Amino acid sequence: MAESFAFAIADGVLGKLGSALIQGVGLAWGVQTELEELRDTLSTIHALLLDAEEKQATNRQISDWLGKLKLVLYDAEDVLDEFDYEALQQQVVASGSITKKVRSVISSPKSLAFRLKMGRRVKNIRERLDKIAADKSKFNLNEGVADRRVVPSKREMTHSFVRSSDVIGRDHDKENIVGLLKQSSDTENVSIIPIVGIGGLGKTTLAKLVYNDERVAGHFPIKMWVCVLDESDIENLVKKILKEMKGDEKYSDFSMEQLQSHLRNALDGEKFLLVLDDVWNTDREKWLKLKDLLMDGANGSKILVTTRKKSVASIMGTFPMQELKDLSHEDCLSLFVKCAFKDGEDNQYPNLLKIGDQIVEKCARVPLAVRSLGSLLYSKRGEHDWVSIRDSEIWKLEQGENGIMAALRLSYYDLPHHLKQCFALCSIFPKDFKFDNKFLIPFWIVQGLIQLSGQNARMEDIGETYINELLSRSFFQDVEQLTPGVLYEFKMHDLVHELAMFFAQPEYFTLSFHS
């Protein structure tokens with residue numbers, strides 16, 4: 001779905017076409033008319049691209065049209081970059097206007113040959129763009145203006161601790177798992193309890209709720225939390241477990257023999273709780289090897305596993321799998337109201353509440369979908385906005401995970417354009433990657449994604465508002481303050497990460513990090 005960036009690419013090309021250097025090159029090298037016609041044609045398409053990007057999800061022809069346009073725009077970017085480079089490389093006059101600098105070099109044989117070659121390339125791009133522009137009338141696209149506002153944060157920063165009052169509809173599940181964790185076993189020291197459910201249902205949230213419960217904290221002297229994902233290497237998992245136990249100690253250079261010795265000594269005779277979050281690997285032999293290294297813990301030690309796959313639960317579990325069910329419609333509506341309104345505000349908008357109830361019905365009782373759309377509508381009080389979500393064609397698309405991706409797509413399409421790019425770029429980092437504001441904001445700045453809103457604005461401050469807006473819309477979560485008011489960490493839900501990858505590919509690739 002990389003056609004999502006057609007607007008951004010067109011925006012950049014138009015900016016370059018309007019620059020003083022490119023205009024001077026066009027005049028000096030005799031391609032001014034071609035460049036002006038290219039700019040005029042692109043301007044007529046540019047205003048339609050926001051609407052096209054949203055409609056492409058339900059219209060394959062529009063998606064193909066955007067794909068063709070994007071290829072032409074990339075070629076245009078390349079040509080304009082070559083103009084920039086050639087003109088700057090050949091400047092020999094240290095002062096004077098850009099036009100004089102460019103004219104000072106056009107007489108060389110290299111410049112004359114370059115001018116002819118580039119003239120042909122510009123003409124080819126313009127002709128291709130004309131053909132694409134001629135097809136725009138087929139799609140009934142509406143003109144739109146990009147929302148370039150820097151939106152202030154609507155809500156206070158959240159944190160990684162999960163309070164019982166913030167989790168709706170999981171009291172029974174929580175009490176059941178807390179009871180299982182406190183049970184002892186007559187047959188083995190370490191027991192494994194798997195929590196199973198589809199993505200977005202709240203498995204990790206439930207595990208956190210249990211993990212932070214005072215009764216659990218008092219029962220287990222040692223607690224460890226490890227996000228597993230698709231990690232299949234036992235050595236890396238042991239390093240993660242040791243890091244959870246020992247803090248800053250480094251184990252990168254340790255052999256497997258040293259690692260297993262450290263782990264077994266650390267757990268010897270200790271009652272521990274280990275959470276293995278988001279497990280995918282179904283290699284039984286690997287899990288048996290890991291379990292073997294953990295068996296020196298005291299009787300009553302537990303491993304709590306969260307997974308989408310029942311096959312993982314059957315391989316790992318010593319207790320029956322705890323299958324997480326959908327939330328009731330009433331609980332989903334309560335969660336939606338909590339996300340979409342300020343406390344008590346829902347009573348002022350009975351019509352919106354009725355539409356919200358119909359939106360919740362489409363969310364297949366999955367909390368992540370409900371929370372995402374509730375957050376989207378938090379600042380919207382016009383019935384039109386709510387009806388457009390309820391009646392969107394996106395719901396008719398075939399979706400995995402019980403329709404949750406439709407809800408997440410709707411949240412993405414509602415983002416201001418500059419935030420779409422910032423969000424999608426986060427897909428290059430692996431799932432469960434811990435972002436922090438002091439890393440992500442400079443990263444966005446280097447990529448040219450932070451837009452200044454005034455002479456006195458600082459890019460770092462604008463970047464903070466970007467992060468806060470994505471947090472308020474549930475694209476980021478699990479915020480942890482490292483230095484209050486200065487440095488904080490946060491993550492993306494794995495399904496939200498999949499959404500970012502969907503819209504970013506093949507523009508970006510995912511980086512891999514190994515500790």
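**Salt bridges and nonpolar cores in the predicted model**

At 64% relative accessibility, R60 counts as exposed (over 50% relative accessible area; under 20% is buried, in between is partly exposed, with a 1.4 Å probe and protein chains only). D64, at 36%, counts as partly exposed. The two side chains meet in a salt bridge, 3.2 Å from N to O, where a salt bridge is a side-chain nitrogen of Lys or Arg within 4 Å of a carboxyl oxygen of Asp or Glu. R60 and D64 are 4 residues apart in helix α5 (residues 60–89), about one helical turn; helices here are DSSP runs (H or I, at least four residues), numbered from the N terminus.

This is a predicted model, with pLDDT of at least 70 needed for local features and 80 or more for side-chain atom pairs, while totals for chains, interfaces and linings use all residues. Residues are numbered from 1 along each chain as its sequence is written, and side-chain values use heavy atoms, leaving out hydrogens and water.

By this rule, the count comes to 30 salt bridges. R126 pairs with E34, the closest N and O atoms being 2.5 Å apart. R126 lies in helix α7 (residues 109–134) and E34 in helix α3 (residues 32–46), so the pair ties together parts 92 residues apart in sequence. Both R126 and E34 are buried.

As for the nonpolar cores (buried Ala, Val, Leu, Ile, Met, Phe, Trp, Tyr and Cys residues joined through side-chain atoms within 4.5 Å), the largest holds 66 residues, and L373 and W386 are among those touching the most other members. Helix α19 (residues 404–413) gives this core its largest share, 8 residues. Apart from it lies another core of 40 residues, including L14 and F114.

Terms used:
Helices (H or I, at least four residues) and strands (E, at least two) are DSSP runs, numbered from the N terminus.
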